[in-house]
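I opened this notebook to record what I looked up in one structure, in the order in which I went through it. The entries below keep to what I could read off the model.

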Amino acid sequence: MSALRFSDTISAALTDGILVVTIDNAPVNALSSDVRAGLAAAFEYAEKDDAVVGVVLTGAGSSFIGGADIKEFGKPPVEPHLPDVISRIEAFAKPVVAAINGAGLGGGLEVALACHRRLAAPSAKLGFPEVKLGIVPGAGGTQRLPRLIGIAAAIDMIASGRIVSAAEALKLGIVDSVSNNILLADAIADAKSISAAAVRRTGYLSIPSGTVEAIEKAASDALRKARGQRAPAEAVRLVRLAATAPLLEGLAEERRTFITLRDSEEAAALRHVFFAERAAGKVEGLEAVAPRKIETIGIVGTGLMGSGITVSALNGGYRVIGIEQNAEAAEKGRDRIAGLLDKAVQSGRVDAAGREDRLSRLTVTADMQQLVQADIVIEAVFDDLAVKTELFQRLDGIVRADTILATNTSYLDPDVIAAATKLPERVLGLHFFSPAHIMRLLEVVNCKKTAPDVLATALALAKRLGKLPVVSGVTEGFIGNRIFSAYRREAEYMVEDGASPQEIDAALEAYGFPMGPFAVFDMAGLEIAWARRKRQAATRDPSERYVVIADRLCEAGRFGQKTGRGWYAYPEGNRTVDPEVTAMIEAARAEKGIVPKSFTADEIVSRLLKAMVDEGDTLLSEGIAARASDIDLVMINGYGFPASKGGPMFAAGRR
Ligand code: 3H9
């Protein structure tokens with residue numbers, strides 16, 4: 001029979017009495033208004049046509065349904081609404097089977113839950129990522145999932161946004177089977193085998209019993225991890241409601257909550273972050289450039305940074321050759337890497353076999369000649385220009401002509417390093433954040449002469465490492481440290497103007513940062529920035545405002561937490577205000593004749609935000625950052641800016 005078309009994105013074909021309805025809305029089959037309208041029309045047709053005895057619902061391409069169309073969230077809603085389409089599917093008189101061929105997320109899983117049976121391909125992924133967008137499921141997820149898998153398991157999934165594999169979904173009871181054959185053929189056979197009288201409607205099921213302890217534990221775990229965010233707490237409340245309220249009442253309350261959260265500032269910010277992440281790493285003109293093939297990565301230096309980068313590369317499936325100065329250091333480096341993998345096993349991120357597999361792909365040696373096998377070499381040695389330049393010149397004489405050379409410098413000029421090599425077009429910066437095997441952010445530094453395919457390769461590599469790449473031009477400290485320096489400078493100005501470090505930290509922590517700036521300085525240590533200030537002293541513009549307090553702290557041996565004293569004192573490890581620091585601050589103000597004024601928390605946040613945004617605007621005008629949203633991502637993923645505020649550029653625009 002010829003194909004039927006119900007909308008631009010919904011088509012169907014009748015096979016053996018089963019109407020196979022296909023959603024084809026690239027890239028992820030999101031539930032746009034056209035998809036919803038097409039689905040409603042397809043079910044209308046299936047209801048009326050006696051030749052149809054059942055329906056199979058599936059997705060074209062590699063997704064089943066990626067969820068509601070997030071692009072529609074900021075716009076006026078268009079009928080038919082998803083909950084209505086879903087209720088119609090659940091109540092449908094003929095059997096409906098979901099053939100879940102790939103990602104079934106959010107609204108996509110809600111559609112699947114309303115079907116009478118669910119068959120998944122082994123590659124399917126299921127979950128409710130809504131909380132990551134600051135919302136809760138809005139089309140029945142919080143009411144139907146617990147009816148299938150119980151309250152505790154539903155709280156765990158919905159309040160965390162955790163995505164599960166097909167195998168786990170089967171174990172939990174979300175899907176009825178995982179098809180190892182041809183999914184669609186299995187689903188058609190399944191739909192034919194169910195009699196209309198025996199369909200199982202999820203919303204009509206009673207909730208599987210669970211212990212009060214398990215439910216309370218799931219709820220308290222979820223709330224602890226939520227760290228004050230609204231959506232996870234609302235998800236817990238709604239799932240609990242499923243246990244006591246009739247379906248329709250639960251659905252109505254879920255819908256009300258969904259709409260309130262969808263229209264909140266937090267959700268707008270998290271949507272911005274979602275799209276920012278998809279835009280990051282896209283470079284105009286690079287779309288058609290093929291990346292080079294990377295199989296083996298050389299990493300020079302296996303200290304704190306190098307060992308983290310190595311674990312990241314091993315996690316990405318690469319072979320790694322780690323280079324150290326001598327056999328003893330190589331042995332230590334290998335132990336450090338094995339230690340990080342042990343921790344990953346302890347925390348459940350890697351299993352024992354995964355650890356062995358990773359170690360089997362690792363060599364740590366003092367024999368630099370082995371780098372002839374490397375497709376890219378990343379250096380992670382001491383951040384000193386002479387050391388790095390000399391290393392790159394040596395690498396030039398060892399590696400193949402097609403090998404890419406990357407520097408992990410935080411502050412040095414990679415153009416200077418590149419200029420010292422024979423082939424500067426193969427050089428770029430890869431600025432990892434510590435700990436490099438955990439932190440997602442990777443600043444990819446596009447140097448003056450970096451070849452387009454070298455940049456494309458670095459971006460492809462970043463993706464395979466599971467990193468979030470943001471492209472930065474060359475500037476001291478790249479995007480993140482430039483903004484952070486402006487933030488630091490402004491925070492110190494404010495101390496001089498009258499705010500105390502603890503007031504500033506408290507304001508920023510209340511805003512959503514895990515730590516305020518002065519607590520961060522103490523944690524990171526004050527001496528590196530001090531050394532840099534001393535280096536810059538000779539060239540500093542004497543008319544530029546300069547705050548001496550941090551220098552005085554260092555002169556007094558107060559280098560931060562590791563010396564037990566910095567901007568704060570740390571008796572028994574507890575951050576406390578130190579009168580000695582207060583006296584130093586007062587003295588510095590008095591020397592400049594500054595009469596201290598008081599600041600509200602909002603003024604503190606506004607001033608720091610403005611400093612970050614001004615620096616961000618400069619980075620954009622200099623062409624160092626390609627888009628404002630890249631700056632937001634750097635600050636969120638590298639410097640603790642709260643994602644729920646969308647990053648400094650977004651937040652300032654909303655204020
Ligand atoms: C929801 O469902 C609410 C309901 O409960 C209630 C409703 C009433 N919408 O990630 P990728 C775009 S909330 C619009 O690189 P991958 C994305 O912007 C939703 N667009 O692909 C990108 O566009 P571009 C709950 C979307 O293969 C392109 O698709 N669902 C959506 O690495 C490729 O994206 C989620 O939160 C969307 N829902 O991964 C799932 N999703 O090419 C969010 C993606 O122009 N999505 N795009 O840059 C994902 O997790 C991943 O995209 C997925 C594919 C795993 C599906």
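**Aromatic cluster**

I began with the rings, and found that Phe433, Phe484, Tyr487, Tyr511, Phe513, Phe518, Phe521, Trp567, Tyr639 and Phe641 form one aromatic cluster. I note that the model is predicted, so that local features need pLDDT of at least 70 and side-chain atom pairs count only at pLDDT 80 or more, while totals for chains, interfaces and linings use all residues. Residues are numbered from 1 along each chain as its sequence is written, and side-chain values use heavy atoms, with hydrogens and water left out.

How many aromatic pairs does a search of the whole structure find? The search returned 16 aromatic pairs, where rings of Phe, Tyr and Trp (for Trp, its six-membered ring) pair if their centres lie within 6.5 Å, and planes under 30 degrees apart count as stacked, over 60 as edge-to-face and the rest as tilted. I looked up phenylalanine 484 and phenylalanine 521, whose ring centres are 6.0 Å apart and whose planes stand at 80°, so the pair is edge-to-face. Because phenylalanine 484 lies in helix 18 (residues 478-497) and phenylalanine 521 in helix 20 (residues 517-524), the pair ties together parts that are 37 residues apart in sequence. Helices here are DSSP runs (H or I, at least four residues), numbered from the N terminus.

I then checked the rings of phenylalanine 518 and phenylalanine 521, which have their centres 5.3 Å apart and their planes at 80°, so that pair is edge-to-face. Phenylalanine 518 and phenylalanine 521 are 3 residues apart in helix 20, and are therefore separated by about one helical turn.

In helix 20, I listed Pro517, Phe518, Ala519, Phe521 and Asp522 as buried, and the buried residues of helix 20 pack against helix 18 and helix 19 (501-511), with contact taken as heavy atoms within 4.5 Å. Just after helix 20, glycine 525 takes a positive phi of about 100°.

I also looked for charges over rings, which require NZ of Lys or CZ of Arg within 6 Å of the ring centre and within 35 degrees of the ring normal. Arginine 488 lies over the face of phenylalanine 521, at 4.1 Å from the ring centre, and the charged end of arginine 532 sits over the ring of tyrosine 411, 3.9 Å from its centre.

**Nonpolar cores**

Next I turned to the nonpolar cores, each a set of buried Ala, Val, Leu, Ile, Met, Phe, Trp, Tyr and Cys residues joined through side-chain atoms within 4.5 Å. The largest has 72 residues, and those with the most contacts inside it are Val21, Leu39, Ile89, Ile100, Leu145, Ile155 and Ile174. Helix 5 (residues 151-160) supplies the largest share of this core, 8 residues. A second, separate core of 56 residues includes Val273, Ile479, Phe518 and Trp567. For isoleucine 100, leaving aside its neighbours within four places in sequence, I noted contacts that include Phe64, Ala112, Leu119, Val175 and Leu183.

**Single residues, cysteines and domains**

Alanine 46 has its place in helix 1 (residues 33-48) and is buried, with a relative accessible area of 0%. Beyond its neighbours within four places in sequence, alanine 46 is in contact with Leu19, Val52, Val55, Phe92 and Lys94.

Threonine 389, in helix 15 (residues 385-396), is buried at a relative accessible area of 14%. Not counting residues up to four places away in sequence, threonine 389 touches Ile417 and Ala420.

How many disulfides does a search of the whole structure find? I found 0 disulfides, a disulfide being a pair of cysteine sulfur atoms within 2.5 Å. Cysteine 115 counts as buried at 0% relative accessibility, and cysteine 447 is buried with a relative accessible area of 5%.

Last, I noted the domain assignment of the protein chain, which gives domain 1 (4-266), domain 2 (296-474) and domain 3 (480-623), with bounds that come from an automatic or database domain assignment. The C-alpha centres of domain 2 and domain 3 lie 32 Å apart.

Note on methods: Helix = DSSP H or I, 4+ residues; strand = E, 2+ residues; numbered from the N terminus. Buried < 20%, exposed > 50% of the residue type's maximum accessible area, 1.4 Å probe, protein only.
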